[in-house]
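The following exercises ask the student to read a protein model step by step. Each task is followed by a worked solution.

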Amino acid sequence: MANIDKQRFVGIIPSRFASTRFPGKPLAKIGGVSMVERVYKQVSKVLDLVYVATDDDRIFQAVEAFGGKAVMTSAQHKSGTDRVQEAYSKIGQGREVVINIQGDEPFIQQSQLETLCACFDRPETQIATLVKPFEVADGVEALFNPNSPKVVLNKLGEALYFSRSVIPYKRGAEQTEWLKAHTYYKHIGLYAYRADVLKEITSLPQGELELVESLEQLRWLENGYRIQTGITKAETVGIDTPEDLQRAEVFLAEHANLF
């Protein structure tokens, strides 16, 4: 991967203490280290300016305690994107590209961040995100899982559409054969935006497609913004519930050399 001009980028990790399925998730320990610290330190391997954006003083203090940077934001935000925009307005320091890193991805990999940054080598890139090809070994159950959004791309690698349904529909083939017959892409929820575009998209009202699919990125497509994708082969382990911590501990034990 080519060297990254770090002065172009700022990484912001939106982090809330309140969570319906997992209250206090950012401070949960994995291998003795809090989730928010793991995310922060992984991102800091690539970027030189990283902040945690939070509405909770416990998270703010925890970040400062391990030597990280944090910024307090409103408790009224409806999405992580909105929280990232407020944080950038306070600490952006002129960086032209804002990277929104999910606070529940403690095993985000350097290669993923580098691939995302490389999307902005194209001057036309407004928004960027990552996709990962489904493998035959993943099985058709993974492909049809509505909690794993799919995306179709144009020839420039830009997203045409995101859906919880399987897209495209493979006509004339049994569903059990679809992964062998076509390359399907899973969306990885890591985003980057040019700063002016981030300001614009956070002022947009919710769109019909977003409400139907419950996918925020459809609001941007529906309003004519272009989303460049980078392809990654790296797998991560998102943490949504306390039970997911057990999978995370296993993943950490198997990949200790990476983290």
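The model is predicted.

**Exercise 1. Salt bridges**

Task: State how many salt bridges a search of the whole structure finds, and describe the one that Arg-8 forms.

Solution.
Step 1. The search of the whole structure finds 14 salt bridges.
Step 2. The partner of Arg-8 is Glu-96, and the closest N and O atoms of this salt bridge are 3.2 Å apart.
Step 3. Arg-8 belongs to the segment before strand 1, while Glu-96 belongs to the loop between helix 3 and strand 6 (97-100), so the pair ties together parts that are 88 residues apart in sequence.
Step 4. To classify the two residues, recall that buried means under 20% relative accessible area and exposed means over 50%. Arg-8 has a relative accessible area of 17% and is therefore buried. Glu-96, with 37%, is partly exposed.

**Exercise 2. Two further pairs**

Task: Give the distance between the closest N and O atoms in the salt bridge of Asp-56 with Arg-58 and in that of Arg-122 with Glu-158. Classify each residue as buried, partly exposed or exposed.

Solution.
Step 1. For Asp-56 and Arg-58, the closest N and O atoms are 2.8 Å apart.
Step 2. Asp-56 has a relative accessible area of 11%, so the residue is buried. Arg-58 has a value of 48% and is therefore partly exposed.
Step 3. For Arg-122 and Glu-158, the closest N and O atoms are 3.6 Å apart. This pair links distant parts of the chain, 36 residues apart: Arg-122 is in the loop between helix 4 (110-118) and strand 7, and Glu-158 is in the loop between strand 8 (150-153) and strand 9 (159-163).
Step 4. Arg-122 counts as partly exposed because its relative accessibility is 21%. Glu-158 counts as buried because its relative accessibility is 8%.
Step 5. Through salt bridges that share partners, Arg-122, Glu-124, Glu-158 and Arg-226 are joined into one network.

**Exercise 3. The surroundings of strand 7**

Task: Determine whether the residues of strand 7 (residues 127-133) are buried or exposed, and identify the strands with which strand 7 pairs.

Solution.
Step 1. Seven of the seven residues of strand 7 are buried, so this strand is largely enclosed by the rest of the structure.
Step 2. In a regular strand the side chains alternate between the two faces of the sheet. On one side of strand 7 are Ile-127, Thr-129, Val-131 and Pro-133, and on the other are Ala-128, Leu-130 and Lys-132; both faces are covered.
Step 3. Strand 7 and strand 10 (residues 185-194) run antiparallel and are joined by seven bridges. Within this pairing, Thr-129 has Tyr-191 as its bridge partner.
Step 4. With strand 11, strand 7 pairs in the parallel sense over five bridges. Here the bridge partner of Leu-130 is Gly-230.

**Exercise 4. Gly-230**

Task: Locate Gly-230 and name the residues that Gly-230 touches.

Solution.
Step 1. Gly-230 is part of strand 11 (residues 227-231).
Step 2. The relative accessible area of Gly-230 is 5%, so the residue is buried.
Step 3. Leaving aside residues up to four places away in sequence, Gly-230 touches Thr-115, Cys-119, Thr-129, Leu-130 and Val-131.
Step 4. Glu-210 is 20 residues from Gly-230 in sequence, and the two C-alpha atoms are 22 Å apart in space.

**Exercise 5. Cavity and pocket**

Task: Report the volume of the largest cavity and of the largest pocket, and state which element gives the most to each lining.

Solution.
Step 1. The structure holds one cavity of 30 Å³ or more. The volume of the largest cavity is about 70 Å³.
Step 2. Among the residues that line the largest cavity are Ile-101, Gln-102, Ile-188, Gly-189 and Leu-190. Strand 10 supplies the largest share of this lining, three residues.
Step 3. By class, the cavity lining has four nonpolar residues, four polar and one charged.
Step 4. The largest pocket holds about 2,200 Å³ of space. Its lining has 49 residues, of which Arg-21, Gln-102, Asp-104, Gly-189 and Asp-240 are the closest to the centre.
Step 5. Strand 10 gives the most to the pocket lining, with five residues. By class, the pocket lining has twelve nonpolar, 20 polar and 17 charged residues.

Technical notes: Residues numbered from 1 in each chain as written. Predicted model: local features only at pLDDT ≥ 70, side-chain atom pairs only at ≥ 80, totals over all residues. Heavy atoms only, no water. Helix = DSSP H or I, 4+ residues; strand = E, 2+ residues; numbered from the N terminus. Buried < 20%, exposed > 50% of the residue type's maximum accessible area, 1.4 Å probe, protein only. Contact = heavy atoms within 4.5 Å. Pairing = 2+ DSSP bridges. 1 Å grid on protein atoms, 1.4 Å probe; cavity = no way out; pocket = protein on both sides within 12 Å on 5 of 7 lines; lining within 4 Å. Points joined across faces, edges and corners; volume = space filled by probe spheres on them. Nonpolar A, V, L, I, M, F, W, Y, C, P; charged D, E, K, R; others polar. Salt bridge = Lys/Arg side-chain N within 4 Å of Asp/Glu carboxyl O.
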